[in-house]
Amino acid sequence: MSSSDPADLTGRVRSAVGAVVDPELRRPLSELDMIADVRAADGEIVVAVSLTIVGCPASDRIEREVAAAAAAVADRPVRVELGVMTPAQRAALTERLRAGRPRGIPFTADSLTRVIAVTSGKGGVGKSTVTANLAVALAARGLTVGLVDADVHGFSIPGILGLVDAEGRMPHPTRIDDLIVPPVAHGVKTISIGMFLREGEERSPVAWRGPMLHRTLQQFLTDVWFGDLDVLLIDMPPGTGDVAISLGQLLPHAEVLVVTTPQAAAAEVAVRSGLVARQTGQRVIGVIENMAPLRLPDGTVLDLFGSGGGQAAASALSQGDGDEVPLVASVPLSPALRTGGDTGSPVTLSAPADPAAAEILRLADTLARRPRGLAGRSLRVGVSTQVASES
């Protein structure tokens with residue numbers, strides 16, 4: 001394509017490169033004010049791009065895609081110049097990304113984001129595996145999903161989602177001043193303490209006490225830029241300790257899913273985690289029974305952990321003054337579910353026909369169809385002076 005008018009040519013190039021999407025912030029470069037200049041000089045088109053930070057991990061991809069977009073509409077060679085935003089430009093960008101809201105937890109009672117904490121009484125019941133697969137399934141249904149790995153001592157979400165390489169390394173989130181951009185896996189924006197450990201410490205224990213755990217959870221909710229989310233899932237540590245209490249203080253309006261196995265001992269402890277959540281003001285919306293009996297090809301049933309624990313937990317949580325708590329899913333034992341967690345290929349994507357995947361997908365359909373209720377949320381409806389006076 002040719003044009004004798006340099007202004008017309010640079011305008012078309014600017015429009016084309018401005019439409020390139022930043023792979024981390026997931027917004028067009030023009031919206032982020034990253035296109036510093038487009039000019040015609042010495043028989044070529046020069047596109048100047050201002051990256052958010054020095055050493056931006058997406059710089060190669062941005063440079064490549066900007067060059068391709070410019071070449072598609074230019075009639076001459078294209079050269080891309082990479083620079084870095086000034087502190088003032090970065091401050092303006094973070095202000096724009098926060099949509100003018102002051103720094104703080106955006107997931108308030110008035111937020112349109114549905115916050116769901118997934119908890120359990122005991123470890124080893126598959127809570128993180130279920131949470132990760134549920135997040136991926138919701139994202140596959142077109143929802144914008146964030147996932148906070150709040151299990152600081154036993155973080156496993158990055159590995160389940162395939163964010164860990166063969167050496168155990170995880171991607172480090174990009175920091176733009178005090179704003180943290182989370183990595184994305186299978187359409188899910190994910191944050192975990194494992195992403196902040198120094199190289200070589202990925203397999204070291206995180207031995208922190210209550211105040212540090214509280215500050216970490218608060219920073220995840222305050223400084224991590226998830227953008228506008230439909231659903232925020234929080235993978236809680238097992239039990240009723242510091243993180244459970246902190247989350248109740250920080251997000252008292254959150255909904256809670258309780259995970260247990262069919263084993264009676266596990267179900268009894270799972271009920272306690274639901275009761276603690278309820279005491280902080282959160283609402284238990286369901287129980288998920290994991291490792292439920294599996295029907296084998298010959299028709300026999302493998303009930304390795306017994307049966308009935310999920311319904312028993314739901315019934316116990318429905319007693320008293322609490323709302324009715326249903327058994328929302330019974331996920332059978334599944335080698336594919338376990339394998340997917342080990343390889344970073346969630347079963348809801350890699351083997352959707354697997355019985356465990358099908359049950360999690362069914363739960364995702366239920367949650368996707370059920371929007372967050374209006375209870376406790378301001379409707380921002382006012383009464384006009386005229387109507388008030390007429391009444």
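Which helix supplies the largest share of the lining of the largest pocket? That would be H6, with 3 residues.

## Ground rules

This is a predicted model, so to speak of local features a pLDDT of at least 70 is needed, side-chain atom pairs count only at pLDDT 80 or more, and totals for chains, interfaces and linings use all residues. Numbering starts from 1 along each chain as its sequence is written, and side-chain values use heavy atoms, with hydrogens and water left out.

## The largest pocket

The largest pocket comes out at a volume of about 460 Å³. Of its 26 lining residues, Arg101, Pro106, Phe107, Gly227 and Asp228 are the closest to the centre. Pockets here come from a 1 Å grid over the protein atoms alone: a pocket is an open set of points where a 1.4 Å probe fits, with protein on both sides within 12 Å along at least five of seven lines, and a lining residue has an atom within 4 Å of a point. The volume is the space filled by probe spheres set on the points, which are joined across faces, edges and corners.

Helix H3 (87–97) and helix H6 (210–223) each put at least two residues into this lining. By class, the lining splits into 13 nonpolar, 6 polar and 7 charged residues. In this scheme Ala, Val, Leu, Ile, Met, Phe, Trp, Tyr, Cys and Pro are nonpolar, Asp, Glu, Lys and Arg are charged, and the others, Gly among them, are polar.

## The second largest pocket

Next up is a pocket with a volume of about 320 Å³. It has 18 lining residues, and Thr129, Leu337, Arg338, Gly341 and Asp342 lie nearest its centre. Two or more residues each come from helix H5 (157–160), E12 and helix H10 (335–343). H10 gives the largest share, 5 residues. The class breakdown of this lining is 6 nonpolar, 10 polar and 2 charged.

## Salt bridges

The whole structure holds 21 salt bridges, counted when a side-chain nitrogen of Lys or Arg is within 4 Å of a carboxyl oxygen of Asp or Glu. Take arginine 61 and glutamate 65, whose closest N and O atoms are 3.0 Å apart. Both sit in helix H2 (residues 59–71), and because they are 4 residues apart there, about one helical turn separates them. Arginine 61 is partly exposed at 40% relative accessible area, and glutamate 65 is partly exposed at 28%. For the record, buried is under 20% relative accessible area, exposed is over 50%, and partly exposed is in between (1.4 Å probe, protein chains only).

Aspartate 235 pairs with lysine 127, again with 3.0 Å between the closest N and O atoms. This bridge ties together distant parts of the chain, 108 residues apart: aspartate 235 is in strand E10 (residues 231–235) and lysine 127 in helix H4 (residues 127–140). Both partners are buried. Glutamate 255 and arginine 283 make another bridge, at 3.1 Å, and link strand E11 (residues 255–260) to strand E12 (residues 283–292), 28 residues apart. Glutamate 255 is buried at 7% relative accessibility, whereas arginine 283 is partly exposed at 35%. There is also a network: bridges with shared partners join Asp37, Arg39, Glu44, Arg79 and Glu81.

## A greasy patch

Leu296, Leu302 and Leu304 make a nonpolar surface patch of about 260 Å². Patch members have over 30% relative accessible area and no salt bridge, with nonpolar side chains (Val, Leu, Ile, Met, Phe, Trp, Tyr) joined within 5 Å and like charges within 9 Å. Areas are Shrake-Rupley with a 1.4 Å probe, and for residues only the protein chains shown count as cover. Leucine 304 is in the loop between strand E14 (301–302) and helix H9 (309–317), and is exposed, with a relative accessible area of 60%.

Most residues other than glycine have a negative phi. Arginine 26 has a positive one, near 60 degrees. Its place is the loop between helix H1 (6–18) and strand E1 (35–41), and arginine 26 is partly exposed at 46%.

Aspartate 177 also has a positive phi, near 55 degrees. Aspartate 177 falls in the loop between strand E6 (174–176) and strand E7 (179–181), and counts as partly exposed at 43% relative accessibility.
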